[in-house]
Amino acid sequence: MDLGNPKNTIEVIQKYNFAFQKKFGQNFLIDTHVLDKIISAAGMTKEDTVLEVGPGIGTMTQRLSQAAGQVIAVEIDTNLIPILKDTLQDCENVTVINEDILKIDIKKMAEEKGGGRPVKVVANLPYYITTPAITALMESGAFEHITVMVQKEVADRMQTGPGNKDYGALSLAVQYYADPYIVANVPPNCFMPRPKVGSAVIRLTRHAAPPVKVDNEKWMFDIIRASFNQRRKTLANGLSNSD
């Protein structure tokens with residue numbers, strides 16, 4: 001059953017009497033063209049291990065299974081596990097983990113599942129965990145590139161450069177680790193239920209080496225956050241208030 005078809009998605013949801021959880025920010029993708037763009041942008045081969053964050057009912061997972069050698073799907077909602085067992089029953093190269101991605105040792109899991117090779121990350125990220133999830137993935141150092149669906153304005157912030165009003169701590173953090181590229185803009189009608197804002201698919205390709213060399217990354221990011229937390233204050237006051 002192709003879950004990229006809205007009719008099939010509705011059928012699965014009704015079969016299991018599934019209720020969308022607002023606290024998990026659940027919006028399932030129901031557009032095959034967007035799914036194809038994500039798979040294409042992720043550039044997978046049968047040699048790759050892919051980490052999917054938030055598989056939902058398995059819509060994108062089915063396609064990842066066909067394109068990659070191995071798929072690790074991390075889903076926080078326990079109610080979705082029996083649905084995934086059903087929709088992914090023919091996908092023998094998929095392992096579903098019922099955990100919170102923010103509480104997993106991403107580096108350890110990637111090393112164990114990826115056989116020492118960098119993994120590729122694909123996700124339709126809930127808006128409420130976008131920044132912490134991407135930060136955790138990048139800091140793990142375990143990925144080759146990340147292809148994710150995020151809120152449009154967040155994607156713009158990741159890609160924008162100095163001098164733009166959207167430039168901030170997230171822009172600097174993402175661009176320190178990776179080269180961001182917006183693959184496609186995605187309107188609300190491509191999801192079920194429809195979100196109130198537009199989305200975008202962005203690909204973050206990890207730098208072979210960071211653009212600047214620092215001795216203490218944590219200290220650098222502490223300074224960056226302090227600098228942008230209070231934009232209307234002087235840099236000196238912003239830093240002094242961060243102590």
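This note sets out numbered points on the fold, packing, voids and backbone of the structure above.

1. Basis of the model. The model is predicted: local features require pLDDT of at least 70, side-chain atom pairs count only at pLDDT 80 or more, and totals for chains, interfaces and linings use all residues. Residues are numbered from 1 along each chain as its sequence is written, and side-chain values use heavy atoms, with hydrogens and water left out.

2. Overall make-up. The protein chain contains 10 helices and 9 strands; helices (H or I, at least four residues) and strands (E, at least two) are DSSP runs, numbered from the N terminus. Of its 243 residues, 47% are buried. Buried means under 20% relative accessible area, exposed over 50%, and partly exposed in between (1.4 Å probe, protein chains only). Among contacts with a separation of 6 or more, 65% involve residues 24 or more positions apart, where contact means heavy atoms within 4.5 Å.

3. Nonpolar cores. A nonpolar core is a set of buried Ala, Val, Leu, Ile, Met, Phe, Trp, Tyr and Cys residues joined through side-chain atoms within 4.5 Å. The largest has 36 residues, and L51, L125, I134 and M158 have the most contacts inside it. Leaving aside residues up to four places away in sequence, M158 touches T130, I134, V150, L170, S171, V174, Q175, P180, I202 and L204. Another core, of 22 residues, lies apart from the largest one and includes I39, M149, C190 and F191. In soluble globular proteins, nonpolar side chains tend to be buried together.

4. Helix 5. In this helix (residues 106-114), the buried residues are I106, M109, A110 and G114. Viewed down the axis of helix 5, these residues fall within an arc of 105°, so they line one face of the helix; the arc is that of the directions from the helix axis to the C-beta atoms. The elements covering them include strand 2 (49-53), strand 3 (70-74), strand 4 (94-97), strand 5 (119-124) and helix 6 (130-140). G115, with a positive phi near 65°, follows helix 5.

5. Helix 6. Buried positions in helix 6 are T130, A133, I134, L137, M138 and S140. Their arc around the axis is only 160°, which puts them on the same side of helix 6. Helix 6 is followed by G141, whose phi is also positive, near 70°.

6. Cavity. On a 1 Å grid over the protein atoms alone, a cavity is a set of points where a 1.4 Å probe fits but cannot get out, and a pocket is an open set with protein on both sides within 12 Å along at least five of seven lines; lining residues have an atom within 4 Å of a point. Grid points are joined across faces, edges and corners, and a volume is the space filled by probe spheres set on the points. The count is 1 cavity of 30 Å³ or more. The largest cavity holds about 40 Å³ of space, and its lining consists of T49, L51, I72, I106, M109, A110, K113 and V119. Strand 2 and helix 5 are the elements that give two or more residues to this lining, and helix 5 supplies the largest share, 4 residues.

7. The largest pocket has a volume of about 480 Å³. It is lined by 33 residues, of which G25, G54, N124, L125 and P126 are the closest to its centre. Strand 1 (28-29), strand 2 and helix 3 (59-67) each give two or more residues to the lining.

8. Aromatic pairs. Rings of Phe, Tyr and Trp (its six-membered ring) pair if their centres lie within 6.5 Å; planes under 30 degrees apart count as stacked, over 60 as edge-to-face and the rest as tilted. The count comes to 4 aromatic pairs. F20 and F28 form a tilted pair, 5.0 Å centre to centre with 55° between the planes; F20 is partly exposed, at 29% relative accessible area, whereas F28 is buried, at 7%. Y176 and Y177 form an edge-to-face pair, 5.0 Å centre to centre with 80° between the planes, and both residues are buried. F18, F20 and F28 form one aromatic cluster.

9. Most residues other than glycine have a negative phi, and most peptide bonds are trans. N17, although not a glycine, has a positive phi of about 50°. N17 lies in the loop between helix 1 (6-15) and strand 1 and is exposed, at 70% relative accessibility. M192 and P193 are joined by a cis peptide bond, with omega about -15°. P193 belongs to the loop between strand 8 (191-192) and strand 9 (199-206).
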